[in-house]
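Work through these exercises with the structure open. Try each task before reading its solution.

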Amino acid sequence: MSAAADRGSGRSDAIEISPVSNRRDLDAFIGLPSRLYSQGHPGFVQPLRFERREALTPGKNPYFEHAEARLFLARRGGEVVGRISAQIDRLYLEHYKDATGHFGFLDAVNDPALFRQLLATAEGWLKAKGMKRAMGPLSFSTNEEVGLLIDGFDAPPMMMMPYSPPFARALVEAAGYAKVKDLIAYDYDVDKNNPITHEAILRRAGMDPAAVTVRKVDMKNFDRDLRIILDIFNDAWSDNWGYVPLTEAEIAHAAKTMKAVVEPNVVIIASVNGEPASMIVSLPNIYEAIAGLDGRLFPFGWAKLLWRLKVSKLRTGRVLLFGLRKPFHRTMLGSGIILRVLEELRQGTKQIRANRAELSWILEDNIPMRKIIEKVGGRVYKTYRVYDKPLA
């Protein structure tokens, strides 16, 4: 299957696309990427299957409390060769009022006709629901996996960042989709970078450096600190492209999911004169731990996972939340606060014996943040693209 995924099959067999309607279909939907990319695609790791099943199931993923989705499978000659989702998020529509629906989970063999039909199926479902534009890939929202990988295919896989093969970009664009926004992922090697100085910038901004304090997340008061973090996130990101607020249920779900893997040294809250002003959340790269398990924890996956997490330790992590309250945006004081937080991240990453962090994703046009990250040694190593298309 992997060879076919790379070179295209050239087959003319009829393609049949149908909704996921039972457990067997859902298992096929979840397992397809492994069949397509497990050989010859070093940038791919199959996510944990039980976690994907929960994320795709109404009643288990709180996303479905404010959204509806339909999953589709494409078959040719009885074999599953593609998948896609179509979804409508009421919170997104309330925020943007632009009649936009989304598609995601787009994976298929290298076949232009197949990509065209999968996208047309999602478009048809969205159009029937009254949508005027399709945008994606979002799996399912900007708070989850976002974009089509267009550069950095051989870079190490990272948790909650999607993989796409090199041929997908051309096939999506051939189906009539145009670029909306590029999202940048930075590689940050903590061993190759010098300590980050922030004191001089804070003084130039008229702030005593001692007034900017940082602390690690308090695991005994984890729920409290997570709410502080997400309150900063909702404030910092509310005017950004693609922002959709997190609900109370999603916050509670995030707390339950994250707590088991949190390393306190790299989850940081910064305050100015005692008031929380910035935060950064880096998590160990679970994909490093599950590589080679094919998304399965039985019969021996549990033992391997625990060994890699607790004994051998993970060497990589991902900064998946990074925010600064709006009053500090585009100010010298804000730059100083960010540099202070990044230095704490650098030190914390070394303390947990990791040596690399991915900072992702950063909007391509967020120039102030990009300049700061590059100033401290961040290197662009992956690019993801979000597309859209009018629904005639």
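**Exercise 1.** Which residues does W237 touch, not counting residues up to four places away in sequence?

Solution. First, some ground rules. This is a predicted model, where local features need pLDDT of at least 70, side-chain atom pairs count only at pLDDT 80 or more, and totals for chains, interfaces and linings use all residues. Residues are numbered from 1 along each chain as its sequence is written, and side-chain values use heavy atoms, leaving out hydrogens and water.

Step 1: find W237 in helix 8 (residues 222-237). Helices here are DSSP runs of H or I with at least four residues, strands are runs of E with at least two, and both are numbered from the N terminus.
Step 2: look for contacts, meaning heavy atoms within 4.5 Å. W237 touches Y243, F322 and W361.
Step 3: check the side chain of W237. It reaches the backbone oxygen of F322 at 3.3 Å.

**Exercise 2.** Decide whether S278 is buried or exposed, then find what its side chain meets.

Solution. Step 1: locate S278 in strand 12 (residues 275-284).
Step 2: apply the cut-offs: buried is under 20% relative accessible area, exposed over 50%, partly exposed in between (1.4 Å probe, protein chains only). S278 has 0% relative accessibility, so it counts as buried.
Step 3: a polar atom of the S278 side chain lies 2.7 Å from the backbone oxygen of G323.

**Exercise 3.** Sort the residues of helix 13 into buried and exposed.

Solution. Step 1: in helix 13 (residues 367-375), M369, R370, I372 and I373 are buried.
Step 2: these buried residues fall within an arc of 160° seen down the axis, so they line one face of helix 13. The arc is taken from the directions from the helix axis to the C-beta atoms.
Step 3: K371 and K375 are exposed on the other side.

Terms used:
A polar contact is a pair of N or O atoms within 3.5 Å; within protein, one must be able to donate a hydrogen and the other to accept it, and residues adjacent in sequence count only if both atoms are side-chain atoms.
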